Protein chains: 2
Amino acid sequence: MTLIRSWVDTANDPSCPFPLNNLPYGVFSTSGTQPRCGVAIGDKVLDVAAMEKAGLLRLADTPLLASAVWNPLMDAGAVIWDKLRSQLMGHLAQGADTQDQVEPYQHPLSGVTMHMPFAVTEYTDFYAGRNHAQNVGSIFRGNDNALPVNWLHIPIGYNGRASSVVVSGTGVRRPWGQLKSPDQEAPVFQPCRRFDLELEMGAIVGKPSTGPVTVAEADDMIFGYVLLNDWSARDIQAWEYVPLGPFQAKATATTISPWIVTKAALAPFRATTPEREKPLLAYLEEPRPMLYNIDLRVELAPQGGTATEIARTNYTQMYYSAAQQLAHHTTSGCPMRVGDLLGSGTISGTTKDSRGSMLELSWSGKEPITLDGGETRSFLEDGDTLTLKGTCHGDGYSIGFGDCSGRILPALTDPYAR
Amino acid sequence: MTLIRSWVDTANDPSCPFPLNNLPYGVFSTSGTQPRCGVAIGDKVLDVAAMEKAGLLRLADTPLLASAVWNPLMDAGAVIWDKLRSQLMGHLAQGADTQDQVEPYQHPLSGVTMHMPFAVTEYTDFYAGRNHAQNVGSIFRGNDNALPVNWLHIPIGYNGRASSVVVSGTGVRRPWGQLKSPDQEAPVFQPCRRFDLELEMGAIVGKPSTGPVTVAEADDMIFGYVLLNDWSARDIQAWEYVPLGPFQAKATATTISPWIVTKAALAPFRATTPEREKPLLAYLEEPRPMLYNIDLRVELAPQGGTATEIARTNYTQMYYSAAQQLAHHTTSGCPMRVGDLLGSGTISGTTKDSRGSMLELSWSGKEPITLDGGETRSFLEDGDTLTLKGTCHGDGYSIGFGDCSGRILPALTDPYAR
């Protein structure tokens, strides 16, 4: 697919993350105004809530965009999703006859504050990256027992905590927690010492279900994708996770990008999952390509320092697609709802510089990495800013998600001081 | 505490679960009307939504009970919780001068339909019963390694699926799932064969938090308690739960009782947790009694047959209270919200007839139990109705939750047929 030209000049720059091909959905505010639905185009955000109010967008009998979250639009169904995209295309295309009417609804992206783009109903995180599972397994159980016996059959997942999902730019406070290193006799309650990031993609459920759904149906239920950083307290996790899985280690925060990139925008970048190492049960078979070719990068900037790219990989490294994960999620009859968020699991490539967590990059602290300024890192330090970036490279255009960024704030001195 | 007498005669019967001392909160409808907030008293339900509208209950400037869920009342805070209870006491006490005004708002309990009493924001399930953990550990890992090494230090918990929580009376469909028995070479996708119940109490969070809270603060955050049955697919669980915990095995349904019994009603029954086997870290120490003396029973009625009591135990068998669980839940900074539901974990006593799951009662199928009619059970069969009952025995009065009941519906023949 090639660039679709817009009368918003900056949107036609091949390196701009927000061309007319993209049209990602976010929630923004300008100084002194309420958060509302907006769409990024070039270096602008379009106030689509106001456009709908003015009759420039006609979607349904009741307003869908006069909201501080995109859930009402998602809830309206896929026909309305298409309607919005097509009306936006019509208004923003080069030569559109409504250009004069639409222009006043633009705000410079540089001057807006971004908010959570949707209300997270429930949050599930998976463990579906082949290289990540192999790396983590090797670190903890040795190379021979690295992969759990069910891993090649099930997209392993666990329920996370929706209340902890925050938008890019939110500070992330180093957590306290109960932990015990193998050499300690008894556990202690102290600030986390092995705080980590996890490079993931998040898929957003836009259509509910009440019983098991096929992989094809699951793909249709997905509204769009965000970048996702599942902050992880490795020392808390190590002590708590047997037998019922991670709990407080993953509950401090999960950061998502400010922009939801829709399935329609990503369509030209569809890619297949890697070859199966063992045949999947029929209910998990992928009837068409459901991963996406998204170039992913992680940058780490120490306090007051410049950013170093510490990892670069691609979403196609996943063994299971979000549609496969969602289909598995419904096998028990588990109802899925609009606004459910599915984390892909950490995305790591095969090389050392493509690993999506500090745990892997520093091999559990045994091989600290060196940043451009000379500092080294095993895990994250207070003041570090972590930024995930995602890009689809089209023919003469790019698709981006906006930075997914968070800065580590020091642990509270006394978490119970009031 | 003794019975507080009401002009609703049936509420004064010592065996009635809904005396004036109780005043539990539910959501009901009568034929052709919308679900709304109600309070049980004797053999009646009081339409408190209508009473508030009529000015008989004065709580806040805006209506709190004109809702199909109790969340707005919870959200209003503990001062309003007390206000409602005290106004209801005033209206319903023997000799109340508003008796004539209140009488028209009564509906016979026998003629109403009960609905979910609150919207479940997020659902967490714990594993905090000492005997249950010992039993399950012995079954799967042998007596010597029964208790995980962290168990006496952490109220072990995992996030469950809020969308799957249903009210008593809802049919529970036997799930399909991916499973593999040790003698099978590859996993299969089939209906669950080891479907189970779990006898639990549920605690409802009524006050939000944004950082770590103490156990005392956590106790103050709890609005009330329900009976809870965490239906569990043991064969699915066995195959999926390593390394990230139960997922689809616990996502089919969790049934709660129709009535929320408030902390105020339970206050006379407060009890301490058992003696610690190892000292707890300070953040988990219980400053006052936070368990409750609640007699718990499980009944199983086969299709067309009569009910057999298969287990009887008490909530005081828990090693950790809901307040301790909630305090631990916030250590990472995990935000808690109004409507969060915490399952206690399965409650089992020390004797064979006090075990809160079929897994334990039949010792993983090795010792099937015999029902009164002569049938045997290792796990649950289609058509079985499981009922949890909870009672606090006061001085001349009882406190109940209403039955927490669910019937097993057969698995779908083809879960993907449309």
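How many salt bridges does a search of the whole structure find over all chains? There are 44, a salt bridge being a side-chain nitrogen of Lys or Arg within 4 Å of a carboxyl oxygen of Asp or Glu. Keep in mind that this is a predicted model, where local features need pLDDT of at least 70, side-chain atom pairs count only at pLDDT 80 or more, and totals for chains, interfaces and linings use all residues. Residues are numbered from 1 along each chain as its sequence is written, chains are lettered from A and ligands numbered from 1 in the order written, and side-chain values use heavy atoms, without hydrogens and water.

Start with A:Asp47 and A:Arg36, whose closest N and O atoms are 2.7 Å apart. A:Asp47 is buried at 7% relative accessible area, where buried means under 20%, exposed over 50% and partly exposed in between, with a 1.4 Å probe and protein chains only.

Next, A:Arg270 pairs with A:Asp219 at 3.0 Å. A:Arg270 is partly exposed at 28%, whereas A:Asp219 is buried at 0%.

Now look between the chains. Chain A and chain B share six salt bridges. One of them joins A:Arg418 and B:Glu217, at 2.7 Å from N to O.
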